[in-house]
Amino acid sequence: MMKTRSLWVLSSSSILLSGSLKKRVCTSFELGRTISSLTNRTYATIDRKEFLVPHSSTDLDLRRNNNPHHLLQRRTIMTEEPNNLVTQSSFLSSTLVTFACRLGYFTGGVAIVVAAILYMKQDNLLYFPTIGGLPKSPRRNPRGYRSPSEYDDLPFESIMIPCPDGVKIHSWLIFHDNNVNKKVPTVIFFHGNAGNIGLRLPNAIKMSKQLRANVLLVEYRGYGDSESHVGPSEKGLRLDAEAALQFCQSHPRIDPKQAFLFGRSLGGAVAFHLADYAQRNDIPLAGVIVENTFTSISAMVDQLMPFLTPIKALVLRIGWDSTKIAPYLETPTLYMAGGKDELVPHEQMLELFQLQSIKPSRLVRMHIVPEGTHNDTHMHGGQPYWDAMKGFVKAALSHSPEQSSADSSGEDQCLVTESNSDTVETDKKSAIPTMSSRFMDIVQGRTMEDATKKND
């Protein structure tokens, strides 16, 4: 009986023990499944790169303690860190994009304002009625540059020529001593872009003597003693030139068939326009002489202000494009070019010369002064400079389009000559880019005798 009870107790204990063990095993198994499930969920939310990050000692301790709550909290923190980095990176990128956009708007606005100013004020960048310390009116010039009346035995007229738009321009008509019965030519003189006609007076007087011709010195609107309520512009200067030609056509002491145009620098573009105007309107014109002029304002922008080249098509409204005139111009033309022109590239004069020389029947010549600069070519050229002009005037007066490759004097139609002397030394450091360096003597108050000696 005792043995049977003992066996029963033992069996019951074993059963209880077995049940207890079974329950513990089941509980452990369920706990393991829970931890595994939580861990898998956490790992599923972590970027793949997180598996490569070494675990800290705290993390290892949490894993050893089998604390799923702390383990989940740790993994969640590790998951949020990359998200914060992504958020910061996105914010930085957004800030940079916003800054770039605002900078672009600002730059674009400045560019528009600059373009508008260039478009509206570009006439002020080309035309200079006054420059430096030089006066605007010839009457305020130093002695010898105020009026032709300062020169003895020099007959002249001071006139105000009316233009088609009502503006009146001031001019001096200097007569040659031998001007009897209209037997001498007349040169219409168009000056450069700076200063009044008084500053060109000694040069014009010498031209009159050398060529035995009358000289009409034209002062553009807004310059000198011409009316200034309308400023100089391309359209305005064209009207000034046309009015000057009409004046010569109607003047009783001028032979209209012996009218020549002379233009230096900007004046060369004015002369080209007037020659084209005369050709289209069948107005007689004997010849054209241009000195150190340019092909176009657009080409000069490329030369002097290349930073404006990309936008010049949008803002440039000044043309003075002689390349559109030269190929079709039948009027005899002489190109006086300085080989060392520092302002207008010598190649531009060569280009115009070649454009006009297409037809062999045309009388087109070029005279090159190797040491001539933009403003001092007539000073460097010496007597060969004037001889080239005199030869051209003679050939032009006897020229007709029907002639072949030789004129009546037996000289070539298309001829290039050079000066072989350099008679003047100039101070290039003190030279004004838009006019002769000798005009600095005017500012310093030199006498008429000194000035005329330097121009002779």
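D153 is exposed in the predicted model, with a relative accessible area of 72%, where exposed denotes over 50% relative accessible area, buried under 20% and partly exposed the range in between (1.4 Å probe, protein chains only). This residue lies in the loop between α3 (68-126) and β1; helices (H or I, at least four residues) and strands (E, at least two) are DSSP runs, numbered from the N terminus. D153 is not a glycine, yet has a positive phi of about 55°. Most residues other than glycine have a negative phi. A positive phi, near 50°, also occurs in N292, again a residue other than glycine. N292 is located in the loop between β6 and α7 and is buried, with a relative accessible area of 1%.

Residues are numbered from 1 along each chain as its sequence is written. Because the model is predicted, local features need pLDDT of at least 70 and side-chain atom pairs count only at pLDDT 80 or more, whereas totals for chains, interfaces and linings use all residues; side-chain values use heavy atoms, with hydrogens and water left out.

The protein chain contains 13 helices and nine strands. Of its 456 residues, 46% count as buried. The chain exposes about 24,100 Å², of which carbon and sulfur atoms supply 58%; accessible areas come from the Shrake-Rupley method with a 1.4 Å probe, and for residues only the protein chains shown count as cover. Among contacts (heavy atoms within 4.5 Å) between residues at least 6 apart in sequence, 76% join residues at least 24 apart.

Nine strands form an open sheet with mixed pairing, in the order β1-β2-β4-β3-β5-β6-β7-β8-β9; two strands pair if DSSP finds at least two bridges between them. The edge strands, β1 (156-162) and β9 (414-418), each pair on one side only. On average, neighbouring strands of this sheet are turned by 20° against each other, direction ignored. Axes are lines fitted to C-alpha atoms, for helices over the stretch in contact, and angles run from 0 to 180 degrees between N-to-C directions. Helix α5 (residues 234-250) lies across β1, β2 (168-174), β3 (186-190) and β4 (214-218), and runs at about 125° to β1.

Within the sheet, β3 is largely enclosed by the rest of the structure, because five of its five residues are buried. Both faces of this strand are covered, with T186, I188 and F190 buried on one side and V187 and F189 on the other. Strands β3 and β4 run parallel and are joined by five bridges, with V187 opposite V215 in β4. Strand β6 (residues 287-291) likewise runs parallel to β7 (residues 333-338), the two being joined by four bridges; E291 has M336 of β7 as its bridge partner.

H346, in helix α9 (residues 346-356), is buried, with a relative accessible area of 17%. Apart from neighbours within four places in sequence, H346 is in contact with A337, G338, G339 and I368. The C-alpha atoms of H346 and F294 are 8.9 Å apart in space, with the two residues 52 apart in sequence.

On the surface, L304, M305 and F307 form a nonpolar patch with about 310 Å² of accessible area together. Patches are made of residues with over 30% relative accessible area and no salt bridge, like charges being joined within 9 Å and nonpolar side chains (Val, Leu, Ile, Met, Phe, Trp, Tyr) within 5 Å; a salt bridge is a side-chain nitrogen of Lys or Arg within 4 Å of a carboxyl oxygen of Asp or Glu. L304 belongs to helix α7 (residues 297-304) and counts as partly exposed, at 47% relative accessibility.
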